[in-house]
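Student: I have a new model on my screen. Can you show me how to read it?

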Amino acid sequence: MQPKLKSRVKWADREVGEVTRVILDPLSRDVSHIVVGGNGVGTQERQIPVSAFQSVTGDTVHLRAASSQIGQFPAFQREAFVTIREVEIAHLEDHLDVEPGEVLVPVPELERDVKRRTFFTNLTHAIGALLALPLLYPVLRYVMKPMYAPFDNRWIKIGNVNKIKTEDVGVQFKFKKLVKEAFMPEAEVDKNVWILKASPPVLEQVYKGKDMEFRDSTGQVVWVNKRDFPYVVYSGKCPHLGCGYKWRKVPKLGREIFLCPCHLSIYDPSGKVLDGPAPRPLDPLPIRVAASGDIEIIDMEYKAGVKAQVRIV
Amino acid sequence: MNSQPSALEKIIAFVDERVGLKTIQAKMLNEPVPGGSRWAYVFGSCLLFIFIMQAVTGVLLMFYYVPSADHAYASTQYILHEVDYGWFILSYHFWGSSAMVVMVFAHMSQVFLWGAYKKPREMVWLIGLALFGLVMAFGFTGYLLPWDQRAYWATTVGVEIMDKTPVVGDFIARFLKGGPTPGQMTLSRFFVIHVMILPAALMGLAGLHLFLFRKAGPAGPFRGTPEELKAKTDYFFPRQVWKDIVAMGAVFVTICSLAFIEPVVLLEEATPDPGDYHPEPEWYFLFLFQMLRLKIFSGEFGQFVAGVAIPNAFLLFLAALPFIDRNPERNIFKRPIALVGWLIVMTGILVFTVSAIINREFLD
């Protein structure tokens, strides 16, 4: 039992003084001392450790020492302490039992007959939810507005085949793509693709003997690349995680290949993955070449990092 | 002595009576630190300091920065080259973000090694993990804002990695990009996340973190008898506050020095054509970047494992840690699995980061 404030202090021989203060240990959070003052103690209050207690009953602290020994206990020095209001000690209240009984305030008159407090609490939450719920869908639609844009199937002129001198060598074609985003004025964006004048074996590897169909979001065929058409264009986006890859001579392999500097995926001229983490070959795009040699492509984009080709632009 | 209170004292008394300032101040400063103040306890305060400075410099940057695809780059260059001390404010903000990440690792390591995540501090640890996620999200979203090639490509790859999350990945990636490919909508979204959503979330959670920390009380050292701890115990103020201030000063001087020595230099303006640039994320994501290069993480499933499953499993493991490791023993030298585990994780991150840096040579 913890000693209480205002408790009487009974020494071995007689009763002297009362508990004027209680001192707590900040780490154990238990009462470590009481301060005894008042009747018979004199002007100097004394600090008495709990180890000197005989017992604590109700409103009396029993000490082992006789009242004549009071001078042996150290004098209480107020400046060596702060009140519990001025210090932050976790869970102090849980360990504290020194208040002289309960301290009460009355419940307001109007509240006394309210039996269904839980009901009203739940009702408050329900009304809150009812206010928020109708907003969910509009907010979702609001933020989703630009997320699923229709595919762009425009043909873009990107250069002339006379730039390509050698077979099976990747040639980069840079071009400007007009992009209209939301409220922004239509803007030119720099893009690039790689074009290969493929030799028959490479062409065979790319097309595997079949024409290549390109589809719209509805599944409708937009264009077909003929399997014997020698020019192959690859999307400039690495199928691994969407970086831009390069045509590079790799000393280790002794030949030129497509290399992505991000995660070091390597592709041969037919787009096949030779090494590195890429999940699928390079993505061929729709290509057509005019009689003048002008190249036109549809700049499709596929989701990176997945095995299947999933068109997103 | 003059017993009449001065005008200033009267004003202070007036405010104190209504606000209770003195009690609040006393409560803030009078927190017993079991076993006494230590340099090992400075990291949390340093994080708070770095965050405040990031908020201040961030607000200053917004005086000139325009979050639009056609002005972001130009306005950032304007801050760097035209605005008086703009280079310093921007470079401070840039290096401050790195300092934040370093300090988060230090803070988490300290808490881990001291066993301070254990009962009754599980919630402090959980909220701390959420804060760690926010700090990484700050780094990731802030990186795009200058709209140079570095920014564009780090974001492109980063979002593609999130795209690999099962079921919701595609939605998350499109939501962040504001479309199928990065562009104006991406910049707008990253901007609002970086300057509004994340700061609000961080302030709220950091407040909760501190509140829960104060509620549970500091853990103190992992060695020593109660008597020894009691003998050495002091209040948060002044000894710990002093150590914190010195550490904050050191952090401040370090960030300023880095801003002076290595001010921010932008690359070319962002375009979907990388040119000669070899995309790379900020250094604290390099280990993840390097991990994705490994052959064992190739293919669709491999990427999911390295990019999504491993990082998230690790975070989940950290979240579950206080509930798995219920042994009250806090001494790190008596927790061999914890010590070895920590060493392995740190070494792993270091090795992957260094090998990513070495790999740069191979590319040039």
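**Reading the helices and chains**

Tutor: Start with chain A, which is divided into domain 1 (8-95) and domain 2 (155-298). Keep in mind that this is a predicted model.

Student: How many Å apart are the C-alpha centres of domain 1 of chain A and domain 2 of chain A?

Tutor: Those two C-alpha centres lie 87 Å apart.

Student: Now the chain contact. How many residues does it take from chain B and from chain A?

Tutor: Chain B puts in 48 residues and chain A puts in 45 residues. Several elements of chain B give two or more residues to the side touching chain A, including helix 2 (21-29), helix 8 (169-177) and helix 13 (299-324). Helix 7 of chain B gives the most to that side, with six residues.

Student: What is the make-up by class of the side of chain B that touches chain A?

Tutor: That side has 19 nonpolar, 16 polar and 13 charged residues.

Student: Next, helix packing. What describes two packed helices?

Tutor: Two values do: the angle between their axes and the distance between the axes. Take helix 5 (residues 86-113) and helix 11 (residues 236-261) of chain B: their axes come within 8 Å and cross at roughly 125°. That angle makes helix 5 of chain B oblique to helix 11 of chain B.

Student: Is the crossing of helix 5 of chain B and helix 11 of chain B right-handed or left-handed?

Tutor: Helix 5 of chain B passes helix 11 of chain B in a right-handed crossing.

Student: Which residues meet there, in helix 5 and helix 11 of chain B?

Tutor: First, the general idea. An α-helix has 3.6 residues a turn, so residues three or four places apart point the same way. Now the case here. Helix 5 of chain B brings Phe88(B), Ser91(B), Tyr92(B), Trp95(B), Gly96(B) and Ala99(B). Helix 11 of chain B answers with Val251(B), Thr254(B), Ile255(B), Cys256(B), Leu258(B) and Ala259(B). By class, the residues of this contact are nine nonpolar, three polar and no charged.

Student: Which other helix of chain B packs with helix 11 of chain B at an angle of about 45°?

Tutor: Helix 3 (residues 43-61) of chain B does, with the axes 9 Å apart. Helix 3 of chain B and helix 11 of chain B are therefore oblique to each other. Their crossing is right-handed. Ser45(B), Cys46(B), Phe49(B) and Ile50(B) in helix 3 of chain B meet Asp244(B), Ala247(B), Met248(B) and Val251(B) in helix 11 of chain B. This contact has six nonpolar, one polar and one charged residues.

Student: Now the backbone. What is the phi of Tyr85(B)?

Tutor: Phi of Tyr85(B) is near 60°, a positive value in a residue other than glycine. Tyr85(B) sits in the loop between helix 4 (72-81) and helix 5 of chain B. Just after helix 5 of chain B, Gly115(B) also has a positive phi, about 65°.

Student: Is the peptide bond from Lys119(B) to Pro120(B) cis or trans?

Tutor: Lys119(B) to Pro120(B) is cis, with omega near 5°. Pro120(B) is in the loop between helix 5 and helix 6 (122-144) of chain B. The bond from Phe237(B) to Pro238(B) is cis too, with omega near 5°. Pro238(B) lies in helix 11 of chain B.

Conventions: Residues are numbered from 1 along each chain as its sequence is written. Chains are lettered from A and ligands numbered from 1 in the order in which they are written. This is a predicted model: local features need pLDDT of at least 70, side-chain atom pairs count only at pLDDT 80 or more; totals for chains, interfaces and linings use all residues. Axes are lines fitted to C-alpha atoms, for helices over the stretch in contact, and angles run from 0 to 180 degrees between N-to-C directions. Helices (H or I, at least four residues) and strands (E, at least two) are DSSP runs, numbered from the N terminus. Angles under 35 degrees count as roughly parallel, over 145 as roughly antiparallel, 65 to 115 as roughly perpendicular and the rest as oblique. A crossing is left-handed if the near helix is turned anticlockwise from the far one by less than a right angle, and right-handed if clockwise. Two residues are in contact if their C-beta atoms, placed from the backbone, lie within 7 Å. Ala, Val, Leu, Ile, Met, Phe, Trp, Tyr, Cys and Pro count as nonpolar, Asp, Glu, Lys and Arg as charged, and the others, Gly among them, as polar. Domain bounds come from an automatic or database domain assignment.
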